[in-house]
Amino acid sequence: MFKYTIYCLLALNVYLFFQEEILSAREVFGADIAWGQLTEAFSATIDTAAWVVLLLLFELETAVIPDEKLRGGLKWALLAVRTVSYAFILWAFYGYVFKYGYLSHTVPFSVENLCGLVDAGYTWVEDLDQYPSLDLAACAALQGEALLRIDGTQIIGTGEALRAIQNLALVDIINAGDWLIIVVLLELEVLLQLKGRLTARRLRITKGIAGVLYAILFFCAIYWGVLGDFLDFWDAFLWLVAFIFIEMNIFQWHEETEELKGATNDPEGSGSEAAPAAGKGAV
């Protein structure tokens, strides 16, 4: 129940990211967002939705569907869904890179009376994807500061604020790239396990590499928790917990397969009664 509660919370984050990104997208791209701008405007929403689907596929393959059923039409159906999910994940990764690019293009912004721009369509940098409209309180706080404007937009902010959101956007890229490497390792483990070639040594090697990659994700989560917003931190935390379950699924799947091999090879037949009950389909 705890595991599937985590999965449901991750699905809820798709909606929360959409709520956050649609507000910032209107400031960056205007009211009418073209189809070609969807990945730039909603990179976190698309990314999270695709990862939720991929997470459920890993759960099905490593803990729910028995090995003997992972073939034929079902195998190809899962492969098709997985391929689409990876396409969206790579598309979202491009969106993160694009977002960092446009946030990095800034130009000096100078105006004698900043409060005269209230109700003129200008917004200011509060956080990544959070650009509230310029009001009297904000213009009073920004008056006299050396300001920059994100090129091609009406988003203004101090150099410090813009550097902060650029750093957060860069962490998005690092985090997304790190997850892509992790999922390649997981796919390799699943493939080797299905072919009966996932030895204990190979499992130790992949888990050692994964440990370093998860440590990087942990530091990304801390960075978001300290300098970003709560949703980014909360989402990163949930994904770490979710994939710990997937890693545990693979460990258990491997151990049960080895036990079945041992029971099958037992010349005395001592494991014959336990063999039918084992296997991930019974987990």
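**The aromatic cluster**

Author: Trp51, Phe58, Trp179, Tyr214, Trp239 and Phe243 are joined into a cluster by ring pairs. Rings of Phe, Tyr and Trp (its six-membered ring) pair if their centres lie within 6.5 Å; planes under 30 degrees apart count as stacked, over 60 as edge-to-face and the rest as tilted. This is a predicted model, where local features need pLDDT of at least 70 and side-chain atom pairs count only at pLDDT 80 or more, while totals for chains, interfaces and linings use all residues. Residues are numbered from 1 along each chain as its sequence is written, and side-chain values use heavy atoms, with hydrogens and water left out.

Reader: How many aromatic pairs does a search of the whole structure find?
Author: The search finds 19 aromatic pairs. In one of them, the ring centres of Trp179 and Tyr214 are 6.0 Å apart and the planes are at 80 degrees, so this pair is edge-to-face.

Reader: Which helices do Trp179 and Tyr214 lie in?
Author: Trp179 is in helix α6 (residues 159-194) and Tyr214 in helix α7 (residues 200-227), so the pair ties together parts that are 35 residues apart in sequence. Helices here are DSSP runs (H or I, at least four residues), and strands are too (E, at least two), numbered from the N terminus.

Reader: Are Trp179 and Tyr214 buried or exposed?
Author: Both Trp179 and Tyr214 are buried, meaning under 20% relative accessible area, with exposed over 50% and partly exposed in between (1.4 Å probe, protein chains only).

Reader: And what about Trp239 and Phe243?
Author: Trp239 and Phe243 form a tilted pair, 6.0 Å centre to centre with 40 degrees between the planes. Both lie in helix α8 (residues 230-264), four residues apart, about one turn of the helix. Trp239 and Phe243 are both buried as well.

Reader: Switching topic: which charged end sits over the ring of Phe58?
Author: That is Arg82, 5.7 Å from the ring centre of Phe58. A charge sits over a ring if NZ of Lys or CZ of Arg is within 6 Å of the ring centre and within 35 degrees of the ring normal. Lys75 lies over the face of Trp76, at 5.9 Å from the ring centre.

Reader: Last one: which residues of α3 meet α6?
Author: Trp51, Leu54, Phe58, Glu61 and Thr62 do, and in α6 they meet residues including Trp179, Leu180 and Val183; contact means heavy atoms within 4.5 Å.

Reader: And the overall picture?
Author: The protein has eight helices and four strands.
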